Amino acid sequence: MSETADAAALVLEDGRIFRGAAYGAVGQTLGEAVFCTAMTGYQETLTDPSYHRQIVVAAAPQIGNTGWNDEDDESGRIWVAGYVVRDPARRASNWRATTTLPEELRRQQVVGIAGVDTRALVRHLRTRGSMKAGIFSGAALADTDELVARVTGQPSMLGADLAEEVSTDALYTIEPTGSHRHTVVAVDLGIKTNTPRMFAERGMRVHVVPSTTSIDRILELKPDGVFLSNGPGDPATQDGAVELTRGVLDKGLPLFGICFGNQILGRALGRGTYKMKFGHRGINIPVVEHETGRISITAQNHGFALEGERGERFDTPFGPAEISHVCANDGTVEGVRLIDGRAFSVQYHPEAAAGPHDAAYLFDRFAGLMEGA
């Protein structure tokens with residue numbers, strides 16, 4: 001961080017202000033302030049479409065050490081609305097780096113702030129909850145009342161319909177690695193690059209389709225199974241995706257959902273959703289599978305959750321279902337499934353990069369469902 005860097009301010013809707021220096025692009029950005037506890041993988045975090053319209057606070061103190069490369073993006077662009085770091089690396093040191101993090105933030109016009117007491121900021125967000133925020137630097141700076149007014153005047157994440165904004169515009173296909181075993185249609189609600197890769201490694205051809213795709217179009221692709229991806233926004237807005245999911249369940253096709261896909265499946269099965277106080281964002285979160293008692297360390301990124309209790313069983317139009325996974329820290333629902341096994345989903349990210357690999361077996365479970373279909 002240069003001694004001549006522009007002054008910057010992170011302004012929260014409750015009036016709290018954190019001062020620092022411009023990091024990345026100079027200007028103004030608005031979004032919901034959230035924090036991520038991951039100690040690594042900042043490039044994957046920044047390019048995760050699930051972070052659309054969110055200002056991400058890095059809990060890890062030093063960011064940027066490994067620069068930026070051409071291989072680790074989880075989508076075609078940076079999706080975060082803004083980035084908040086404490087101690088930016090003075091230089092990038094990694095053999096794969098093609099540029100530095102602040103240079104890439106500037107190139108993609110992502111406004112950030114550095115030099116912030118992120119420990120105090122994270123404690124504040126844990127206490128008060130995720131909230132509207134803005135980063136201002138250069139000519140965008142103004143008096144406090146004006147900045148707070150800009151922050152509070154933006155739309156809330158509650159009720160935000162964002163999946164279509166991050167979804168692909170047209171179908172594309174990822175071919176399997178090795179011999180072809182199955183065909184999967186992946187509904188792109190904000191899919192990450194590593195997800196189709198995980199399918200392809202297991203011999204699956206993946207047709208990635210827009211979030212607005214109809215059940216008839218999906219059936220034309222003759223899938224052996226359907227996948228619902230992660231994505232941003234409020235799941236309560238996704239009536240179209242919920243109806244699509246019900247159509248898939250009516251046809252008896254094997255179905256697997258991750259993160260936003262878990263909430264969509266849950267809604268299709270009749271469950272409600274709610275906005276969490278500050279959400280789960282990190283790569284070290286323990287989850288308990290009810291049936292086996294197995295605990296997996298997982299990567300997560302969600303600010304909404306399904307209603308329910310561990311092991312709860314309930315009736316649906318598609319047969320009995322249960323809450324299959326919960327977070328060991330706070331009991332939040334982390335998975336749901338039909339008892340007959342043909343549809344299941346998890347709130348966490350078994351495909352996470354960076355992140356633990358404890359839950360990668362779920363892709364094999366989905367393959368097994370298609371084998372038996």
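Tutor: A residue is called buried here when its relative accessible area is under 20%, exposed when that area is over 50%, and partly exposed in between. The model is a predicted one, and the part to examine is helix 9, which spans residues 260-268. Written out, the buried residues of helix 9 are Phe260, Gly261, Asn262, Gln263, Ile264, Leu265, Gly266, Arg267 and Ala268.

Part of the surroundings of helix 9 is helix 8, residues 239-250. Two packed helices are described by the angle between their axes and the distance between the axes. For this pair, the axes come within 9 Å and cross at roughly 70°, which makes helix 8 roughly perpendicular to helix 9. The crossing in which helix 8 passes helix 9 is right-handed. On the side of helix 8, the residues that meet helix 9 are Asp239, Ala241, Val242, Thr245, Arg246 and Leu249, and their counterparts in helix 9 are Ile264, Leu265, Arg267 and Ala268.

Arg267 lies in helix 9 and has a relative accessible area of 19%, so it counts as buried, given that the cut-off is under 20%. Once its neighbours within four places in sequence are left aside, Arg267 is in contact with Pro235, Ala236, Thr237, Gln238, Asp239, Val242, Arg246, Thr273 and Leu306. With Pro235 there is a polar contact as well, since the backbone oxygen of Pro235 lies 2.8 Å from a polar atom of the Arg267 side chain. Pro210, by comparison, is 57 residues from Arg267 in sequence, and their C-alpha atoms are 20 Å apart in space. Beyond the end of the helix, helix 9 is followed by Gly270, whose phi is positive, near 100°.

An α-helix has 3.6 residues a turn, so residues three or four places apart point the same way. At the N-terminal end, helix 4 is capped by Asp143, from which a side-chain oxygen lies 3.2 Å from the backbone nitrogen of Asp145.

The backbone of some loops also deserves attention. Most residues other than glycine have a negative phi, and most peptide bonds are trans. Arg53, in the loop between helix 1 (42-46) and strand 4 (54-58), has a positive phi, near 70°, and is partly exposed, with a relative accessible area of 22%. Lys222, in the loop between helix 7 (215-220) and strand 13 (225-228), likewise has a positive phi, near 50°, but counts as exposed at 66% relative accessibility. The peptide bond from Ala353 to Ala354 is cis, with omega near -5°, and Ala354 is found in the loop between strand 20 (343-346) and helix 10 (361-372).

Notes: Residues are numbered from 1 along each chain as its sequence is written. This is a predicted model: local features need pLDDT of at least 70, side-chain atom pairs count only at pLDDT 80 or more; totals for chains, interfaces and linings use all residues. Side-chain values use heavy atoms; hydrogens and water are left out. A polar contact is a pair of N or O atoms within 3.5 Å; within protein, one must be able to donate a hydrogen and the other to accept it, and residues adjacent in sequence count only if both atoms are side-chain atoms. Helices (H or I, at least four residues) and strands (E, at least two) are DSSP runs, numbered from the N terminus. Axes are lines fitted to C-alpha atoms, for helices over the stretch in contact, and angles run from 0 to 180 degrees between N-to-C directions. Angles under 35 degrees count as roughly parallel, over 145 as roughly antiparallel, 65 to 115 as roughly perpendicular and the rest as oblique. A crossing is left-handed if the near helix is turned anticlockwise from the far one by less than a right angle, and right-handed if clockwise. Contact means heavy atoms within 4.5 Å. Buried means under 20% relative accessible area, exposed over 50%, partly exposed in between (1.4 Å probe, protein chains only).
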